[in-house]
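Me: I would like to learn how to read several features of a structure. May we take them one at a time, with the general idea before the case?

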Amino acid sequence: MKKESAGEKSAKDVYEELSTKGEYKVVHIDIAVIKTIIDIAIDDEKYLNYLLEQKTRNFRIIYRDYYTILRELCDALIRLNGIKISNHQGCFAYICTKFPELKLEWNLLEKIRKTRNLNIYEGKDILEQDWKEIEEKLKLYISIIKGEANQRLKNVKNKTR
């Protein structure tokens, strides 16, 4: 993990701060809800892959929707730990802190989140170049999170039988 720039918080710092504030909520592990979240994310990913193959593409929509898929899969993974948080930064901080074996880069997750937020809240456009900078890693992260969530979902199902 890269050293944070001056003023930037690490995943652990964000996690600890939000934990102290009580932002992480303990929730019942609802297998049906978690499976639905994963299934919808997978379906959305398939459609976005189709959009990427089209002649005319809107990279703002593609970037934002891939971000949403990543966040939803992270949410599903966190729910499998019996935790929920609505704060996106907190969601990624939890994943980086509690699942270090996944080797996700906090700084990249922050870059993607900030780019998406600048678009949503300040109207900054997202261009093809912005997408190309993160496409490979974002797709890899989605694959990693999806695999981990599905494996843990299978383990939870087996324990409840």
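This is a predicted model: local features need pLDDT of at least 70, side-chain atom pairs count only at pLDDT 80 or more; totals for chains, interfaces and linings use all residues.

Reply: Residues are numbered from 1 along each chain as its sequence is written, and side-chain values use heavy atoms, with hydrogens and water left out.

Me: How many disulfides are there?

Reply: A disulfide is a pair of cysteine sulfur atoms within 2.5 Å. By this rule the model has zero disulfides. Cys74 takes part in none, and the nearest cysteine sulfur, that of Cys91, is 4.9 Å away. Seen from Cys91, the sulfur of Cys74 is the closest cysteine sulfur, and at 4.9 Å it is too far for a bond.

Me: Is Cys74 buried or exposed?

Reply: Buried means under 20% relative accessible area, exposed means over 50%, and partly exposed lies in between (1.4 Å probe, protein chains only). Cys74 counts as buried because its relative accessibility is 1%. Cys91 is also buried, with a relative accessible area of 2%.

Me: What span should helix 5 have?

Reply: Helices are DSSP runs (H or I, at least four residues), numbered from the N terminus. The expected span is 1.5 Å times one less than the number of residues. Helix 5 covers residues 106-122, so its 17 residues should span 24 Å; its end C-alpha atoms are 23 Å apart, which agrees. Just after helix 5, Gly123 takes a positive phi of about 75°.

Me: Which elements cover the buried residues of helix 5?

Reply: An α-helix has 3.6 residues a turn, so residues three or four places apart point the same way. The buried residues of helix 5 include Trp106, Leu109, Ile112 and Arg116. Their cover includes helix 1 (11-20), helix 3 (59-79), helix 4 (88-98) and helix 6.

Me: Which side chain of opposite charge is nearest to Asp130?

Reply: Lys and Arg count as positive and Asp and Glu as negative; His and the chain ends are not counted. A salt bridge is a side-chain nitrogen of Lys or Arg within 4 Å of a carboxyl oxygen of Asp or Glu. Asp130, in helix 6 (residues 128-159), is buried yet has no salt bridge, and the nearest opposite charge, Lys124, is 4.8 Å away. A polar atom of the Asp130 side chain lies 2.7 Å from the backbone nitrogen of Leu127.

Me: Where is Asp39?

Reply: Asp39 is in helix 2 (residues 31-52), and it counts as partly exposed because its relative accessibility is 36%.

Notes: Helices (H or I, at least four residues) and strands (E, at least two) are DSSP runs, numbered from the N terminus. A polar contact is a pair of N or O atoms within 3.5 Å; within protein, one must be able to donate a hydrogen and the other to accept it, and residues adjacent in sequence count only if both atoms are side-chain atoms. Contact means heavy atoms within 4.5 Å.
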